[in-house]
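Please look over the structure shown below before reading on.

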Amino acid sequence: MNELAILYAKQHKYAQAELLFQRSLGVSVAALGSDHPDVAIVLKNIGILKASQRQYAEADLLLSQSLSLTNRVLGHEHPIVAVTMRTIAVFQAIQGHYGEAERFIRRSLEISEKTLGSEHPEVATSRKVFAQVFRTGHRDTEAHLAESQAQDIRTRSACGN
């Protein structure tokens with residue numbers, strides 16, 4: 001259901017997406033309990049959906065709940081925490097909250113590098129988001145550096161496979 005809801009959201013079929021996300025959330029809570037990482041993922045996805053509809057207050061609440069649950073269940077240094085923080089960084093940048101966006105993406109990058117290693121594709125993705133945050137904040141030199149770092153990681157990763 002969650003994957004189909006993501007597809008609906010990408011097609012801008014928001015009502016169908018939300019219905020499936022809510023059903024997925026209900027099934028996840030019933031089957032796994034409210035303190036499960038999969039519940040946090042569904043909350044994050046609903047938050048992304050709300051943000052894409054410019055329902056920022058709801059999105060902020062859902063993304064915060066997702067981060068709080070993920071931190072509590074998996075610990076503050078888990079790679080999924082880094083992904084959630086990266087999502088929040090994008091959300092903050094969209095709203096023009098560049099300081100908050102930078103704070104979240106820096107922490108996401110720290111966690112990813114520490115837990116996965118500096119050459120992991122997730123680190124490249126975080127660096128790419130870092131570049132987007134800098135670019136939206138009109139910090140083009142820093143954005144270019146972060147993009148170059150992301151590309152370097154991706155190139156080395158491709159050569160290693």
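The points that follow are grouped by topic.

This is a predicted model, in which local features need pLDDT of at least 70 and side-chain atom pairs count only at pLDDT 80 or more, while totals for chains, interfaces and linings use all residues. Residues are numbered from 1 along each chain as its sequence is written, and side-chain values use heavy atoms, with hydrogens and water left out.

**Overall build**

- The protein chain has eight helices and zero strands, where helices (H or I, at least four residues) and strands (E, at least two) are DSSP runs numbered from the N terminus.
- Along its principal axes, the C-alpha trace of the protein chain spans about 45 × 30 × 30 Å.
- Of the 161 residues in the protein chain, 38% are buried, a word that means under 20% relative accessible area with a 1.4 Å probe, counting protein chains only.

**The largest pocket**

- A pocket is, on a 1 Å grid over the protein atoms alone, an open set of points with protein on both sides within 12 Å along at least five of seven lines, whereas a cavity is a set of points where a 1.4 Å probe fits but cannot get out; lining residues have an atom within 4 Å of a point.
- The largest pocket has a volume of about 250 Å³, a volume being the space filled by probe spheres set on the points, which are joined across faces, edges and corners.
- Helix 1 (2–10), helix 2 (14–32) and helix 3 (37–52) each supply at least two residues of this pocket's lining, and helix 3 gives the most, with four residues.
- Among the residues that line the largest pocket are Ile 6, Tyr 14, Phe 21 and Leu 49.

**The cavity**

- A search of the whole structure finds one cavity of 30 Å³ or more, and the largest cavity holds about 30 Å³ of space.
- Tyr 98, Glu 102, Val 133, Phe 134, Gly 137 and Arg 139 line the largest cavity, and the elements that give two or more residues to this lining are helix 6 and helix 7 (121–136).

**Ser 112**

- Ser 112 lies in helix 6 (residues 98–116) and is buried, with a relative accessible area of 2%.
- Leaving aside residues up to four places away in sequence, Ser 112 touches Ala 82, Gly 117, Val 123 and Ser 126, where contact means heavy atoms within 4.5 Å.

Note on methods:
Buried means under 20% relative accessible area, exposed over 50%, partly exposed in between (1.4 Å probe, protein chains only).
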